[in-house]
Amino acid sequence: MRILDHDAVRRAYPMDRAIGLMAGAMRDYSAGTITQPLRTILRPASDSALLGTMPCHVAGEDGAPRGFGIKAMVLKPDNPARGLELHLGVVLVFDPDTGSPLALMNASAVTAVRTAAVSAVATRELAREDAGDLAILGSGVQARSHLEAMSLVRRLHRVRVWSRTPDNAAAFRDWAAGSLGVQVEVAGSVGEALKDADLVCTTTATRDPLVEAEMLAPGVHVNAVGASFIDCRELSSRAVASARVFVDSRESAGKESLDLRAPRDEGLVGEDHILAELGEVLLGTAEGRTASDDVTLYKSLGLAAQDVVSGFAVARRAAELNLGTEVSIG
Ligand code: NDP
């Protein structure tokens, strides 16, 4: 079995490659060739942390990833204050022929890339062609990978960031200039960041809504990434009600998203407010954006399919590049 740390995963899994792979994964998920249960979230009463387990089987053809895999990760709310990542865990993929463990890898690196890559696919499908005024809420791991991913699918002419901790927003600005060569403006408020933006990525760990309907400009596309558990929201109910809504999975959206459940519970929207899965748009069985002034919203929750397809791709590329360490577990 090959063991791959954060750096090895990132070297084996560049963002441009991930975008193509994730488009395929989302298409396969909606076409029904991927078998996966809803993830399990274990929340012990005695601990503020949670354990998420996300297994799946992918049935890729023509050389595409195939076989079983699982992501297991612990989310510790206090970790960022300790200088650690919010989620820590592993992705494990199994040899498709024998079922023996093939590769075990750092899940944070996989999650950072795959989540932003799927948002890039959503942006390519749903944002206006000329969208290039990007606002990012949050300045952490996902904010960084989203800036990289957005810059690959749209020509960005302005980028603003807002973060709860101004020093972290400034550090993000400096990182963007140094690592990606992208100039970023630090906004003093969420409203200031979003004003006239036509592309928005929300990547915060807030529990309460930050984005109000009136902050969203006509024609904007929003990738809402942060609130990926049922007790968190980034968007107000009216903001969601004002948008054409797309999701990674109807099943997950129905059960795991408070952003989507709250406006339904409040009677602002019906069950049919979720228009389609991203994969259905990719398959051509559902319509995406219909007008240049539509507000489109892609609500990302994260799927095992994304982790496992990524895991197989990382394992294959790492073997080609001889990255990581081979161990025998008998
Ligand atoms: P990081 O810890 O790296 O970043 C968290 C960000 O959230 C920081 O910018 C922080 O701001 C901000 N934040 C934290 N609490 C609040 C608050 N109360 N109000 C406003 N902002 C806040 O985490 P990640 O980037 O890894 O993850 C970000 C979010 O995305 C998390 O909620 C995570 O669960 C979710 N996620 C979703 C995935 C999906 O597939 N949809 C996949 C992975 C993560 P500051 O530093 O300025 O204080």
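This is a predicted model: local features need pLDDT of at least 70, side-chain atom pairs count only at pLDDT 80 or more; totals for chains, interfaces and linings use all residues.
Thr-40 has Thr-53 of strand β4 as its bridge partner. Strand β3, residues 40-42, runs antiparallel to β4, and three bridges join the two.

Strand β4 covers residues 50-59. Strand β2, residues 34-35, also pairs with β4. Two bridges join them, and the strands run antiparallel. Here Thr-35 has His-57 of β4 as its bridge partner.

Strand β5, residues 66-75, is another partner of β4. The pairing is antiparallel and extends over ten bridges.

Now look at the two faces of β4. Leu-50, Gly-52, Met-54, Cys-56 and Val-58 make up the covered face. Leu-51, Thr-53, Pro-55, His-57 and Ala-59 make up the uncovered one.

Next come the helices. Helix α2 spans residues 15-31 and helix α3 spans residues 107-126. Their axes come within 8 Å and cross at roughly 70 degrees. An angle of 65 to 115 degrees counts as roughly perpendicular, so α2 is roughly perpendicular to α3. On the α2 side, the contact is made by Met-15, Ala-18, Ile-19, Met-22, Ala-23 and Met-26. The residues from α3 include Val-113, Arg-114, Ala-117, Val-121 and Arg-124. By class, this contact has twelve nonpolar residues, two charged ones and no polar ones.

Helix α2 also meets α4. Their axes come within 10 Å and cross at roughly 75 degrees. These two helices are therefore roughly perpendicular as well. Met-15, Asp-16 and Ile-19 of α2 touch Ser-145, Glu-148, Ala-149, Leu-152 and Val-153 of α4. Five of the contact residues are nonpolar, one is polar and two are charged.

Helix α4 itself has 13 residues, 141-153. At 1.5 Å a residue it should span 18 Å, and its end C-alpha atoms are 19 Å apart, so the two values agree. Its buried residues include Gln-142, His-146, Leu-147 and Met-150.

Cys-201 stands opposite Asn-223 of β12.

How values were computed
Residues are numbered from 1 along each chain as its sequence is written. Side-chain values use heavy atoms; hydrogens and water are left out. Helices (H or I, at least four residues) and strands (E, at least two) are DSSP runs, numbered from the N terminus. The expected span of a helix is 1.5 Å times one less than its number of residues. Buried means under 20% relative accessible area, exposed over 50%, partly exposed in between (1.4 Å probe, protein chains only). Axes are lines fitted to C-alpha atoms, for helices over the stretch in contact, and angles run from 0 to 180 degrees between N-to-C directions. Angles under 35 degrees count as roughly parallel, over 145 as roughly antiparallel, 65 to 115 as roughly perpendicular and the rest as oblique. Contact means heavy atoms within 4.5 Å. Ala, Val, Leu, Ile, Met, Phe, Trp, Tyr, Cys and Pro count as nonpolar, Asp, Glu, Lys and Arg as charged, and the others, Gly among them, as polar. Two strands pair if DSSP finds at least two bridges between them.
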